[in-house]
Amino acid sequence: MAEENKKILVFAHMMKTAGTSLSKQLIGHYGNKMHIVPGGLKMGDDYYSETDFEKDLELFNKNLKIISGHPMRPYIDFGRFEDRMAWFTFFRKPQKRYVSHYLHDFKWTNEFAYRRYQQMKNKSIIEWEKIENYSKLSDKVFWQEKKILIGLLRL
């Protein structure tokens with residue numbers, strides 16, 4: 001198969017869906033033939049384009065086998081590269097995702113040491129919910145991500 005016709009796996013990484021764990025496994029398998037696009041932590045971050053994809057192909061000397069990241073969105077027009085891209089993603093039940101988000105915040109804020117979470121020390125996930133208000137949003141975010149993936153919603 002000609003180099004310009006080889007398929008490239010594209011992982012659209014939705015937040016809090018085990019994407020980081022998967023990415024670690026993929027790096028172990030693909031090594032330097034994998035690229036993780038940085039950023040994209042806001043739902044409206046869809047800046048990665050056909051031009052960026054082409055630059056990354058050149059950067060990886062056309063040996064790119066898989067690309068992943070939060071900004072990878074299947075509704076973006078990747079022009080002449082579209083036929084080469086084989087997309088996949090993960091979703092997660094909103095309740096499990098909610099707990100994962102709490103544990104993530106706990107870990108990465110040094111057990112809620114950041115100013116925003118000062119009142120959280122020695123409190124429960126219920127109290128965290130009062131700060132973040134995620135329980136009301138979890139189902140909404142779950143469906144928003146699906147709409148974003150297929151291009152029905154742009155924030």
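The model is predicted, so to speak not of experiment: local features need pLDDT of at least 70, side-chain atom pairs count only at pLDDT 80 or more, and totals for chains, interfaces and linings use all residues. Residues are numbered from 1 along each chain as its sequence is written, and side-chain values use heavy atoms, with hydrogens and water left out.The protein chain holds five helices and four strands, where helices (H or I, at least four residues) and strands (E, at least two) are DSSP runs numbered from the N terminus. Starting at that end, the elements go β-α-β-α-β-β-α-α-α. Of the 155 residues, 36% are buried, with buried meaning under 20% relative accessible area, exposed over 50%, and partly exposed in between (1.4 Å probe, protein chains only). The accessible surface is about 9,700 Å², and carbon and sulfur atoms own 54% of that; these areas come from the Shrake-Rupley method with a 1.4 Å probe, and for residues, only the protein chains shown count as cover. Among contacts (heavy atoms within 4.5 Å) with a separation of 6 or more, 71% link residues 24 or more positions apart.

The four strands make an open, parallel sheet in the order S2-S3-S1-S4; two strands pair if DSSP finds at least two bridges between them. Strand S2 (34–36) and strand S4 (85–88) sit at the edges, each pairing on one side only. On average, neighbouring strands are turned by 20° against each other, direction ignored. Axes here are lines fitted to C-alpha atoms, for helices over the stretch in contact, and angles run from 0 to 180 degrees between N-to-C directions.

What about H2? Phe53, Asp56 and Leu57 are buried in this helix. Looking down the axis of H2, the buried residues fall within an arc of 105°, so they line one face of the helix; the arc is that of the directions from the helix axis to the C-beta atoms. Those buried residues pack against S1, S2, S3 and S4, while Lys55 and Leu59 are exposed on the other side of H2.

The largest nonpolar core counts 15 residues, and Tyr48, Phe53, Ile67, Met72, Phe78 and Met85 have the most contacts inside it. Such a core is a set of buried Ala, Val, Leu, Ile, Met, Phe, Trp, Tyr and Cys residues joined through side-chain atoms within 4.5 Å. S1 and H2 each put in at least two residues. There is also a second, separate core of six residues, including Tyr98, Tyr102, Phe112 and Trp128.

Most residues other than glycine have a negative phi. Alanine 18, however, has a positive phi of about 75°; this residue lies in the loop between strand S1 (8–12) and helix H1 (19–30) and is partly exposed at 44% relative accessibility. Just after H2, asparagine 61 also takes a positive phi, of about 55°. Asparagine 61 belongs to the loop between helix H2 (50–59) and strand S3 (66–69), and is exposed, with a relative accessible area of 59%.
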